[in-house]
Amino acid sequence: MMQNTDSHLSNAKNLSQKTDTVTDQQVLIAGGGHVGLSFALLLANHGIASTLLEKNIYPSISPKYDNNRSHYLDSRNTALSRRTVQIYQEIGLWDELQSHACRIDAVQISEQGSFGRAKLNKAEEKVESFGQVIENAWLGRKLLLAAQQAPLITLIDNANVSAVTQKADGVTLSFSYNGNVAHEQQLQASVLVACDGRDSTVRQLLDIGTTTYDYQQTAIVGVVETDKAHEHVAIERFSPAGPLAVLPLTDPEGDGNDEYQQGFRRSVVWVCPTGEEKRYLEDDAHFLQTLQQAFGQRAGTFVAAGRRGAYPLTRVLADKQVEGRCVIMGNAAHTLHPVAGQGFNLCMRDAHVLAQMLNAQVLKGADMGDPTLLKRYEKARLSDQKRVIRFCDAVVHGFTHPNPAIKLARNVALVAFDKLPNIKPLVATYAMGLKS
Ligand SMILES: Cc1cc2nc3c(=O)[nH]c(=O)nc-3n(C[C@H](O)[C@H](O)[C@H](O)COP(=O)(O)OP(=O)(O)OC[C@H]3O[C@@H](n4cnc5c(N)ncnc54)[C@H](O)[C@@H]3O)c2cc1C
């Protein structure tokens, strides 16, 4: 599917016409973050054409200069589950991503100042790995490059979606291009998939409400260096301030799965009460000292901290994910707490299922935007989504509750988890996204 051309945004349409009609059997995607780009690539793998509109201007990248990393999206790192890796393998993109990813061979879970701890090990669970950690800068760059090179994907960046109109036989999307709000453009297709993030414009235009919950926590995310090699171990630790995770990362250059990596770089997600983030962001020494206190010597000594970003945490769930010919997907459908690294992986499973259902519709010669089909998609995905949402909330609330009885119960639960033979494989399977 991926062709090795040297095109940049050359797939972009000529936007000079007032109204531009995409052929009936095409898909419109609003929002070109990691989910929008991945969904377009999944469709292209089935031979389905799509047009993707992105509000921001994409950086100019080319396969010729692929060694230059650009932090064009954000400073986060994403833990990709086994299932997400399988999906990228299916569309032929994993080889590209793997050279910037680092496997997780073991997971350690513990609570600061308590006795409970648990360990998951790939040999015991008989798995290849528990997932792979990749810097968002690399993930975004590779997805963008692949989408730019796919002839079936038309990327229009600098395009801000402003209106959605639905008729019995199609959906029309209006957008301003290059900031020109006085001259709106329009595109029509049989189905629109909104991947435009937590504050989704499309969701608002369709009048779909949300259920939101402010965790009053902010995630500080960045890269640190320790004097002890990570040996592919992910450490999840629950501190009185909130949950935190230290994940293995690649060396600055080269393949994180290569045995010759030094392995001193780690990704940190530190969750603190909102309002306390400023000092963690600005004061390296304070940040390193806080990590050291929370982790003890589990990760060795924290010796250096890189650039950090702050993300206020709110759970946002769309009241529905389908309205007529429109599907709400990605963070626009469900924005979750990052504690268990599940959000993007859940979005990928949604995207994979919808792409398959649309493909089956095309093979039947039927309408891809058939609202009954889209409702079937929504129903099919609900149980996996509910399970992940419940899991994330249970981890956040269960591990931060100050009540001593609850604290004792969770430590007993951690010990039981570590000792009981049948629980670990089940939880590992769910966490790897292999069961939905
Ligand atoms: C700190 C943190 C750590 C995380 N770690 C993990 C992890 O380890 N594993 C995991 O699975 N998940 C993780 N997640 C979750 C993951 O980051 C999200 O699920 C994922 O980024 C969602 O991507 P998205 O494309 O749906 O949304 P976004 O990344 O928000 O992309 C939306 C896109 O739509 C565009 N857009 C918005 N409005 C318009 C408009 N009007 N017109 C056109 N375009 C528009 C935006 O410019 C943007 O590019 C983490 C989240 C956080 C906050």
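**Entry 1**

I looked up Asn-178 first. Asn-178 counts as exposed because its relative accessibility is 55%. I noted the cut-offs: buried means under 20% relative accessible area, exposed over 50%, and partly exposed in between, with a 1.4 Å probe and protein chains only. This is a predicted model: local features need pLDDT of at least 70, side-chain atom pairs count only at pLDDT 80 or more, and totals for chains, interfaces and linings use all residues. Residues are numbered from 1 along each chain as its sequence is written, and side-chain values use heavy atoms, with hydrogens and water left out.

Where is Asn-178 placed? I found Asn-178 in the loop between strand E11 (170–177) and strand E12 (180–189). Helices (H or I, at least four residues) and strands (E, at least two) are DSSP runs, numbered from the N terminus. The phi of Asn-178 is near 60 degrees, a positive value in a residue other than glycine.

I then turned to Glu-231. Glu-231 lies in the loop between strand E14 (210–226) and strand E15 (233–239). Its phi is positive too, near 50 degrees, and Glu-231 is not glycine. With a relative accessible area of 61%, Glu-231 is exposed.

**Entry 2: the whole chain**

I checked the totals. The chain has twelve helices and 21 strands. Of its 436 residues, 55% are buried. I also looked at contacts, meaning heavy atoms within 4.5 Å. Among contacts in the chain with a separation of 6 or more, 75% are between residues 24 or more positions apart.

**Entry 3: the sheet of three strands**

I traced an open sheet in the order E4-E8-E5, with antiparallel pairing. Two strands pair if DSSP finds at least two bridges between them. Strand E4 (77–80) and strand E5 (101–103) each have a single partner strand, so one side of each is left without a neighbour in the sheet. The twist averages 25 degrees from one strand to the next. Axes here are lines fitted to C-alpha atoms, for helices over the stretch in contact, and angles run from 0 to 180 degrees between N-to-C directions.

How many bridges pair E4 with strand E8? I counted four bridges between E4 and E8 (residues 132–135), in the antiparallel sense. Ala-79 stands opposite Val-133 in E8.

**Entry 4: the sheet of six strands**

I followed a second open sheet, E9-E3-E2-E13-E20-E19, with mixed pairing. Its edge strands are E9 (153–156) and E19 (322–323), and each pairs on one side only. Helix H1 packs on this sheet and touches E2, E3 (50–53), E9 and E13. The direction of H1 makes about 165 degrees with that of E2.

Strand E2 (residues 27–30) pairs with strand E13 (residues 191–194) in the parallel sense over four bridges. Ala-30 stands opposite Ala-194 in E13. E3 and E9 also run parallel, joined by four bridges. There, Leu-52 stands opposite Leu-155 in E9.

Is Leu-155 buried or exposed? Leu-155 is buried, with a relative accessible area of 3%. Both faces of E9 are covered. Ile-153 and Leu-155 are buried on one side, and Thr-154 and Ile-156 on the other. Leu-155 and Gly-32 are 123 residues apart in sequence, yet 8.5 Å apart in space, C-alpha to C-alpha.

**Entry 5: helices H2 and H9**

Two packed helices are described by the angle between their axes and the distance between the axes. I looked up both for helix H2 (residues 82–90) and helix H9 (residues 343–363). Their axes come within 9 Å and cross at roughly 45 degrees. H2 and H9 are therefore oblique to each other. Angles under 35 degrees count as roughly parallel, over 145 as roughly antiparallel, 65 to 115 as roughly perpendicular and the rest as oblique.

Which residues of H2 meet H9? They are Arg-83, Thr-84, Ile-87, Tyr-88 and Glu-90, which meet Phe-344, Asn-345, Met-348, Arg-349 and His-352 in H9.

The buried residues of H2 are Arg-82, Arg-83, Thr-84, Val-85, Ile-87 and Tyr-88. What covers them includes H1 (34–45), H3 (94–98), H5 (136–149) and H9, along with E4 and E8. H2 is followed by Gly-92, whose phi is positive, near 75 degrees.

I ended with Ala-355 in helix H9. Ala-355 counts as buried, at 0% relative accessibility. Not counting residues up to four places away in sequence, Ala-355 touches Phe-39, Leu-42, Leu-43 and His-46. Ala-355 and Ile-48 are 307 residues apart in sequence and 8.9 Å apart in space, C-alpha to C-alpha.
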